[in-house]
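Here are some notes to read alongside the structure. Take them one at a time, and keep the 3D view open as you go.

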Amino acid sequence: TKAQVTLIPDSDFEKALIYWTIDTDGIVNGQILTADAHNAINLDLNGVPLGHGGYVMDLSGIEGFVNLEHFRAYYNNLNTVNLSTLTKLKTLFFTSSNLSTIDLSANTELEKLTIGNGSLDFGPFNKLKSLDLSNNNKLKYIDVYNMPTLEYINLRNNTADSLYILLGNENNYPYSVCIDVDNPVAATNGTATYDTWTITNTQNGTHFFSANCALSVEKFVNENFKIYPNPVTD
């Protein structure tokens, strides 16, 4: 009987799997047993002595890790990654991984996401402009620090009992991030259910809430802005 295998075309990715004894045959041959992938609950691609200081550049085969709950893969050069089958994922660390887009819509159990950049002195940098987390309603922690390209986060439907968001950058570059929520007035005022949200900005940065960031042009919630007496002349 021929064992079912999962293809791992990136040799550095497979070396990491061998290092952590996930790839049980112990040979760099472009594949692992699918059973080995299914058995993995934790996967850490960092701290692995690859011998040349290179990056993992292709995570093809990660689709077979269907029971993975905790995944650390920062300071790699990924460009793209398919996490659609990792439906049990709870924590994800993708700091400085050369990502410009990421689809997390299938990762509905996600509680902790770190996807900013570790330092602006060296890359490869994540360059996300938007981050749609509307399907990740259990998220309690979001780290998008040192990612000055970020303009928009969709946090509709979040039902976690608390949420911490780390925005900003080490050099205090100006920025303004729009956060899409179900009730922008309550979020702006810090009332329930947003009274357990904590958002950290750096000195020259800010965030604002909107019911639709894709259409938003103002940096405040219109419903909270009042002018009186009405009409006014000055």
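1. Let us start with one residue. H38 has its place in helix α2, which covers residues 34–39. Please keep in mind that this is a predicted model.

2. Is H38 buried, partly exposed or exposed? Its relative accessible area is 34%.

3. Not counting residues up to four places away in sequence, H38 touches G64, V66 and N67.

4. Next, step back to the whole protein. Its secondary structure comes to three helices and 13 strands. The C-alpha trace spans about 85 × 35 × 25 Å along its principal axes.

5. How do the strands come together? Seven of them form an open sheet with parallel pairing, and the order is β3-β4-β5-β6-β8-β10-β12. At the edges are β3 (42–44) and β12 (197–200), each of which pairs on one side only. From one strand to the next, the twist averages 5°.

6. Strand β4 (residues 70–72) runs parallel to β3, and three bridges join the two. In β4, R72 is the bridge partner of D44.

7. Which residues have the most contacts inside the largest nonpolar core? They are F65, F71, F94 and I102, in a core of 53 residues. At least two residues of this core come from each of α1 (11–19), β10 (163–166), β11 (175–180) and α3 (184–189). In soluble globular proteins, nonpolar side chains tend to be buried together.

8. Leaving aside neighbours within four places in sequence, F71 is in contact with L43, L45, L59, I62, L83, L86, L89, T91, L92, F93 and F94.

9. Some overall numbers to finish. Of the 234 residues of the protein, 43% count as buried. The protein exposes about 11,900 Å², and carbon and sulfur atoms supply 51% of that area. Among contacts between residues at least 6 apart in sequence, 50% join residues at least 24 apart.

Conventions
Residues numbered from 1 in each chain as written. Predicted model: local features only at pLDDT ≥ 70, side-chain atom pairs only at ≥ 80, totals over all residues. Heavy atoms only, no water. Core = buried A, V, L, I, M, F, W, Y, C linked by side-chain atoms within 4.5 Å. Buried < 20%, exposed > 50% of the residue type's maximum accessible area, 1.4 Å probe, protein only. Helix = DSSP H or I, 4+ residues; strand = E, 2+ residues; numbered from the N terminus. Contact = heavy atoms within 4.5 Å. Pairing = 2+ DSSP bridges. Axes fitted to C-alpha atoms, helices over the stretch in contact; angles between N-to-C directions. Areas by Shrake-Rupley, 256 points an atom, 1.4 Å probe, with all protein chains shown as cover.
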